[in-house]
Amino acid sequence: QTERLAAALATLNDAQRAAVEHGVGAALGDVRPLLVIAGAGSGKTSTLAHRVANLIAQGADPQRILLLTFSRRAAQEMARRAGQVAAQVLGLRSEAAPALPWAGTFHGVGARLLREYAAQIGLDENFTIHDRGDAEDLMGLVRHELGFSATTKRFPRKGTCVSIYSRTVNTCAPLVEVLAQAFPWCAEWESELKRLFAGYVEAKQQQHVLDYDDLLLYWAGMVAEPALAAHLGARFDHVLVDEYQDTNRLQAAILLALKPDGRGLTVVGDDAQSIYSFRGATVRNILDFPAQFAEPARVVALERNYRSTQPILDVSNAVIAAAAERHAKTLWTDKPSAGRPQLVLVPDEAQQAQWVADRVLAHREGGLALKSQAVLFRTSYHSAALELELARRNIPFVKYGGLKFLEASHVKDLLAVLRFAQNPRGRMAGFRVTQLIPGIGPATATRLLDAMDTAADPTAAVQDFVPPASAQVEWGCFADTYAALRAPTLEWPADMGLALDWYLPHLERLHDDAGVRRGDVEQLARLAAGYASRERFLTELTLDPPEATSDRAGPPLLDEDYLILSTIHSAKGQEWTSVHVLNVVDGCLPADVAQGAQELEEERRLLYVAMTRAKDHLHLLVPQRFYVTQQSARGDRHLYAGRSRFITEADAARFERCTWPPPPVQAPHVPAPAAAIDLLARMRAAWR
Ligand code: ATP
Ligand code: MG
């Protein structure tokens, strides 16, 4: 085994190895806290995976390792890699690689723990999780019930209310502070907002509903209880966190409660890549980590970059070097270079789309699979022109970070049926489902939900409910389905079949384009089979929705090659051989909504994250005419933008500069003869 271990760790450099071997050995679980802070592509994530593998290889119980990161995809990938390396060291076949049952996101793990400990904290274990859309709907309802929408038109919209609420929760800051800092135009409503949020919390509790923020808030509340904190802390010998720079105060508080002395705690991250402060993340978590514990943390820095070529590193480093505040890092690589990165000037977004599509195809001709190429952009709708162009040319693509599959109304309908069956107190789902029945409006729906609230047996309340005469037949049909869905003997995924049978006729009736929508809900039903239970299906789907592909192109088959389109935020931690970044113009990067020095700095880091995703080819696109959609009622407008201020003139010189379409070739300048001749007259004269 010693030899196999040496082989598995042979590729690591000294600093990576130090992090992988830190405290592993005799006294498992008795390990000084460890921080790995390093620049992009320096192997932080792979070091973390090797560390987990090493822990397992040296006897740690995979059940007792908690591995946290920002997306389920990333967690699964890291768990897979760790398992493979561990199997290699232990001499196991790769099919027998150890699994890591506790690898996930903070929210996903929180949801699991809250269900498991529901009884201890007075929570209904069948709670529903509300996504952002549901949260806004419920906020809107409470807002309406409290009469705030009627009092004045200037009262913040429901989406803004949810943003304020969420920020208050995630930053653990008083409302008045959050208002002053981030929503000054809403400050006058402080006391009304307080009442609104109290009503919102009340409504959630009554309906056994938790929103995203609650998953952290309740988890933090749970471990604020010393006995539970000690119990949970003892359950996990090792807690490891990737992308620590994008955690918020609540997440840091949870970690600290689990591991008060920091023993067994490992966090890795890069302060230069912190891009989620708009959601309450704070880079202070990573900067303050070392001194947080009685016994100071060990800090390991990684300086060698394995991802990008030197010219790509040079331009990326130049962008981040100008940042106001940062932990100084130097990155170097000895990766051979494939030419300079390109800075491409195009007239507008339509031409930008053409250029990118051309380039993508040219790369493919050159042997680069579509999957190893990505196009990144600031905001989801910035890819619209490109999506059209790709569809026109039949280039398959998958889009991350855009409109989610689950945001489509028919998908929400079907899920609401299952949610309503899972949690009869969930009024948002109940409203949605019952109003699909012809003849049932909001008043009847409310009457039903009220009756269910007070009934000892909510299923019976549905059976006994007397709907308006016009809805009688349809109602009977629904009540039967509901009873069947509530039956304790029902075995997943049979629920899906029942729900689909009931829903499809309504879908046909409600939508002209029922055919396409039918495909979506049937796809959802197929997905269901992959989950262990109705509860797991609903939870995981809400927390980590499948990404939508373009409506136009349709989902590519799994074995098909496809191009990746992604917002920069969703691209974090990943890498591609070729990367295009769209709209590297002022007004987009930085976004024109970014106000103040701190927000601008975050925009700079965002560009840095985008550029450092590239392994061999980086293309920054600069459309000179840039289309902005204003949030206000003023509508869309064109903006004559310049190159992003983050690429200075000196930095621009490091790029290969292209203009497209190429400027017309000018004839060499020949000075005109002083005396004009009348050639035409001469020609005529020749015939005279
Ligand atoms: P980011 O900051 O973007 O999250 P990171 O620091 O987590 O980046 P990784 O994604 O772990 O970096 O690694 C970047 C690339 O370098 C990966 O392709 C990885 O396989 C490779 N790599 C990391 N360490 C080594 C090594 N010692 N030898 C060879 N390749 C390595
Ligand atoms: Mg990483």
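**Note on the predicted model: packing, ligand shell and backbone geometry**

1. In helix α19 the buried residues are Arg427, Met428, Ala429, Gly430, Phe431, Arg432, Val433 and Thr434, where a residue is buried if 20 or more other C-beta atoms lie within 10 Å of its own, exposed if 12 or fewer, and partly exposed in between, with C-beta atoms placed from the backbone. The helix, residues 427-434, is accordingly mostly covered, with eight of its eight residues buried. Its cover includes strand β4 (128-130) together with helices α6 (132-145), α18 and α20 (442-454). Helices (H or I, at least four residues) and strands (E, at least two) are DSSP runs, numbered from the N terminus.

2. On conventions, residues are numbered from 1 along each chain as its sequence is written, while chains are lettered from A and ligands numbered from 1 in the order in which they are written. This is a predicted model, in which local features need pLDDT of at least 70 and side-chain atom pairs count only at pLDDT 80 or more, whereas totals for chains, interfaces and linings use all residues.

3. At the level of the whole protein chain, the secondary structure comes to 28 helices and 16 strands, and of the 688 residues 44% count as buried. Among contacts between residues at least 6 apart in sequence, 77% join residues at least 24 apart; two residues are in contact if their C-beta atoms, placed from the backbone, lie within 7 Å.

4. Around ligand 1 there are 19 residues, of which Gly43, Lys44, Thr45, Ser46 and Tyr306 come nearest, a residue being near a molecule or strand if its C-beta atom, placed from the backbone, lies within 6 Å of it. Helix α3 (residues 44-57) supplies the largest share of this shell, three residues. By class, the shell holds four nonpolar, eleven polar and four charged residues, with Ala, Val, Leu, Ile, Met, Phe, Trp, Tyr, Cys and Pro counted as nonpolar, Asp, Glu, Lys and Arg as charged, and the others, Gly among them, as polar.

5. Helix α18 (residues 409-422) and helix α23 (residues 494-510) have axes that come within 10 Å and cross at roughly 135°; that makes α18 oblique to α23. Axes are lines fitted to C-alpha atoms, for helices over the stretch in contact, and angles run from 0 to 180 degrees between N-to-C directions. Angles under 35 degrees count as roughly parallel, over 145 as roughly antiparallel, 65 to 115 as roughly perpendicular and the rest as oblique. The crossing of α18 and α23 is right-handed, meaning that the near helix is turned clockwise from the far one by less than a right angle, with anticlockwise giving left-handed. On the α18 side the contact is made by His410, Asp413, Leu414, Val417, Leu418 and Ala421, and on the α23 side by Asp495, Ala499, Leu500, Trp502, Tyr503 and Leu507. By class, the α18 contact with α23 comprises nine nonpolar, one polar and two charged residues.

6. Helix α23 also packs with α22, at an angle of about 170° and with the axes 10 Å apart, which makes α22 roughly antiparallel to α23. Here Phe478, Thr481, Ala484 and Leu485 of α22 meet Asp495, Leu498, Ala499 and Trp502 of α23, a contact with six nonpolar, one polar and one charged residues.

7. One joins Trp492 and Pro493, with omega about 5°, and Pro493 lies in the loop between α22 (472-486) and α23. Another joins Leu589 and Pro590, again with omega about 5°, and Pro590 sits in the loop between β13 (576-581) and α26 (596-611).

8. Positive phi values also deserve a look. Glu243, although not a glycine, has a positive phi of about 55° and is placed in the loop between β6 (238-241) and α13 (249-258); because it has 26 C-beta neighbours inside 10 Å, Glu243 counts as buried. Asn394, likewise a residue other than glycine, has phi near 60° and lies in the loop between α17 (384-392) and β11 (397-400); with 7 C-beta neighbours inside 10 Å, Asn394 counts as exposed.

9. Arg249 lies in helix α13 and, with 19 C-beta neighbours inside 10 Å, counts as partly exposed. Leaving aside its neighbours within four places in sequence, Arg249 is in contact with Thr171, Cys172 and Thr282. The C-alpha atoms of Arg249 and Cys477 are separated by 49 Å, the two residues being 228 residues apart along the chain.
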